[in-house]
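Hi,

Here is the structure I promised to pass on. Please open it next to this email, and follow the notes below.

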Amino acid sequence: RYLKDSSPSSTRLSRYRRIVLLTDGFSTPFYAKTAIGLLRYRGNDVVAVLDRKCAGQSTGELFGVGDATPVVGSLDGLHADALFLATALVGGRIPENWRRILFDAIGKGIDVISGTHEFLSEDKEFSKLAEASGANLIDVRRNMARETSTGQPLHEGCLRIHTVGQDCTLGKMVVSLEVQRQLAQDGLDAQFIATGQTGIMISGQGLPVDCIVGDFINGSVESLVRRNEHHDILVIEGQGSISHPSFSAVTLGLLHGCAPHGLIYCYELGRQTVKGLDGVPLLDHRTLIDAYLANASLRQPSELIGIAINGRNASANEVESEKRELEARFNVPACDVYRHGAKPLADAVLRLDAERKR
């Protein structure tokens with residue numbers, strides 16, 4: 001059952017029920033967003049987080065999610081069926097001091113799932129050991145996406161909502177999932193569309209758009225949307241930022257590929273500089289929102305329908321003040337989905353759907 005070139009297309013990541021999340025040495029919100037996402041949305045499937053320096057704590061203490069899920073120093077006695085590499089490190093490389101942990105997992109026959117740009121299945125030592133133990137090496141970012149855009153209209157009976165952001169790593173995936181879940185709770189046929197490693201690990205399907213050859217980003221996303229057009233509403237996870245000096249190409253290709261009817265703009269209250277680029281200031285909301293709307297509308301008309309505030313480093317009063325200011329300034333609902341829930345944004349999706357049908 002060893003899969004040398006395995007990827008999400010060859011296995012369903014949702015089948016795992018005893019997952020260990022590897023964050024060793026990087027157990028912070030800045031780096032461990034994959035672990036935090038999996039604890040929040042697949043917490044019942046997670047048996048432990050592995051961080052040798054933090055062993056003995058709970059994930060509730062370490063991350064604020066996962067309640068009493070233990071943080072451990074090794075795989076011993078866990079009876080795990082999968083080890084997920086659960087960080088988002090700049091450059092996407094596997095830390096050298098993780099190799100010993102990975103050898104231990106593979107040797108025990110535990111499947112290893114990685115979202116890094118450095119593929120496990122191309123490592124000769126990992127591959128040889130996996131072939132002997134029967135463990136699968138699954139590279140979430142590995143893909144053979146080779147489609148260019150047709151430029152033809154997408155199905156107008158399927159409403160497409162896309163989360164976009166001021167920067168990277170500020171909650172676009174969480175907002176997408178929360179809006180989709182609220183719509184489903186309200187009885188709507190809404191589907192979350194994953195476009196990054198964490199979203200794919202949570203949902204078990206999607207596309208790693210930041211690892212698709214540039215010419216094929218638009219077309220591959222377009223094809224992904226077409227495969228899901230039988231749903232009434234698609235909530236498409238955003239990536240990066242259209243102004244990020246490093247990652248804007250991915251953002252633009254995704255924006256044009258999914259051709260959204262409505263945009264939800266996401267940002268972190270208090271953040272001043274671009275992630276990973278010291279001293280590079282973030283652009284203001286108006287400039288970025290105008291840029292997103294202008295670029296989205298090059299393919300088809302698109303409009304801003306809501307704003308999602310990430311207030312994790314702000315007080316409740318600061319978030320409430322910010323919410324009132326944004327709603328007055330942009331004339332759309334604003335909310336922090338953790339503090340307020342996603343209902344205001346889900347209702348905005350329904351208003352846009354009703355307006356389009358009139």
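A charge sits over a ring if NZ of Lys or CZ of Arg is within 6 Å of the ring centre and within 35 degrees of the ring normal. Lys275 and Phe30 give one such case: the charged end of Lys275 sits over the ring of Phe30, 4.8 Å from its centre. Arg99 and Phe126 give another, with the charged end of Arg99 over the Phe126 ring, 4.4 Å from its centre. Bear in mind that this is a predicted model.

Now the aromatic rings. Phe30 turns up again here, in one aromatic cluster with Phe26, Tyr31 and Trp98. How many aromatic pairs does the structure hold? There are six. One of them joins Phe26 and Tyr31. Their ring centres lie 5.4 Å apart, and the planes make an angle of 80°. That pair is edge-to-face. Phe26 is partly exposed, at 23% relative accessible area. Tyr31 is partly exposed as well, at 29%.

Tyr265 and Tyr267 also form a pair. Is it stacked or edge-to-face? The ring centres are 6.3 Å apart and the planes meet at 25°, so the pair is stacked. The cut-off for stacked is under 30 degrees between planes. Are these two tyrosines, Tyr265 and Tyr267, buried or exposed? Tyr265 counts as buried because its relative accessibility is 1%. Tyr267 counts as buried too, because its value is 2%. The limit for buried is under 20% relative accessible area.

Last, the backbone. Most residues other than glycine have a negative phi. Two residues are worth a look on that score.

- His79 has a positive phi, near 55°, and is not a glycine. Where is His79 found? It is in the loop between strand E3 (71-72) and strand E4 (82-85). His79 counts as exposed because its relative accessibility is 67%.
- Asn331 also has a positive phi, near 60°, and is likewise a residue other than glycine. Asn331 lies in the loop between helix H10 (316-330) and strand E12 (334-335). Its relative accessible area is 70%, so Asn331 is exposed.

The cut-off for exposed is over 50%.

Best wishes

Conventions:
Residues numbered from 1 in each chain as written. Predicted model: local features only at pLDDT ≥ 70, side-chain atom pairs only at ≥ 80, totals over all residues. Heavy atoms only, no water. Phe/Tyr/Trp six-rings, centres within 6.5 Å; stacked < 30°, edge-to-face > 60°. Buried < 20%, exposed > 50% of the residue type's maximum accessible area, 1.4 Å probe, protein only. Helix = DSSP H or I, 4+ residues; strand = E, 2+ residues; numbered from the N terminus.
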